Amino acid sequence: MQIKKRKEEKEKIEEMLNTIKAYGITDKAVFKAMRNIPRSLFVEQKELAYEDMPLQTKRMQTISQPYTVAFMLFIANLKKGHKVLEIGTGTGWNIALIKELIGKEGEAISIEYFEELAELAKENLKKLSIDATIICSDGSEGFKLLGPYDRIIITAACPEIPKHLIGHLKDNGIIVAPVGRLFQKMIKITKEKSKIKIEDYGSFRFVPLLGKKGFRY
Ligand code: SAH
């Protein structure tokens with residue numbers, strides 16, 4: 001029974017990955033991480049865990065759509081050993097995937113605004129013995145204390161391009177963040193010595209970033 005369940009889950013994960021591949025994503029490392037970190041462990045709606053859609057979590061927040069998560073991880077170009085800050089922990093699924101991608105030698109830090117979600121994420125990560133630091137705080141101003149970071153990934157909609165976080169990046173560091181009010185553009189900021197490159201990767205939808213540099217304080 002247990003084995004059959006596992007097999008069904010594996011098949012569902014492959015279906016989800018096929019949907020993501022159909023969008024043109026070909027990042028094998030991201031697919032491997034998605035196979036290793038079952039989304040079903042992070043959501044209450046188990047039957048919908050592998051549908052390519054966002055799902056409601058606590059405090060009116062969501063776990064992002066798998067394609068969106070894969071896309072952000074793909075453009076973030078994570079490497080083994082990176083130090084990564086995520087802003088918006090939610091269920092912890094994304095930071096678990098990030099930790100898979102950066103490996104044992106990498107450092108994964110994630111900030112969540114709501115205590116209830118930070119606790120949920122900690123529990124979820126514990127179930128999989130994933131070593132990530134979860135901080136409950138307003139992450140809209142970043143978390144300079146533990147920086148500088150190779151990557152900063154924001155998983156809630158920012159009112160403006162988060163230029164205030166560029167100083168928290170290492171050289172050649174990257175920020176990936178959805179920016180905008182009703183709809184968001186996926187923005188990638190690359191810090192190249194004294195130059196800053198900003199690229200727009202198209203439209204997505206996210207819950208709003210809260211806090212000092214967010215939409216509501
Ligand atoms: N990455 C999450 C989903 C992100 S949803 C996952 O894998 O499940 C966006 C999250 O950002 C929500 O949990 C929300 O509570 C959180 N959030 C919103 N504003 C924030 C802020 N200022 N600091 C930290 N977290 C914030």
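## Helix 2

Buried means under 20% relative accessible area and exposed over 50%, with partly exposed in between (1.4 Å probe, protein chains only). In this predicted model, local features need pLDDT of at least 70 and side-chain atom pairs count only at pLDDT 80 or more, while totals for chains, interfaces and linings use all residues. Residues are numbered from 1 along each chain as its sequence is written, and side-chain values use heavy atoms, leaving out hydrogens and water.

Let's start with helix 2, where Val30, Phe31, Ala33 and Met34 are buried. These residues sit on the same side of helix 2 because they cover an arc of only 160° around the axis (the arc is that of the directions from the helix axis to the C-beta atoms). Exposed Lys28 and Lys32 are on the face turned away from that buried side. Helices (H or I, at least four residues) and strands (E, at least two) are DSSP runs, numbered from the N terminus.

## The nonpolar core

A nonpolar core is a set of buried Ala, Val, Leu, Ile, Met, Phe, Trp, Tyr and Cys residues joined through side-chain atoms within 4.5 Å. The largest one has 46 residues, and Ile20, Met34 and Leu73 have the most contacts inside it. Helix 3 (66–76) is among the elements supplying at least two residues; with eight, helix 3 gives the most.

## Around the ligand

Here are two polar contacts (pairs of N or O atoms within 3.5 Å). A ligand nitrogen is 3.0 Å from an N or O atom in the side chain of glutamate 86, and a ligand oxygen lies 2.6 Å from a polar side-chain atom of glutamate 112.

Methods
A polar contact is a pair of N or O atoms within 3.5 Å; within protein, one must be able to donate a hydrogen and the other to accept it, and residues adjacent in sequence count only if both atoms are side-chain atoms.
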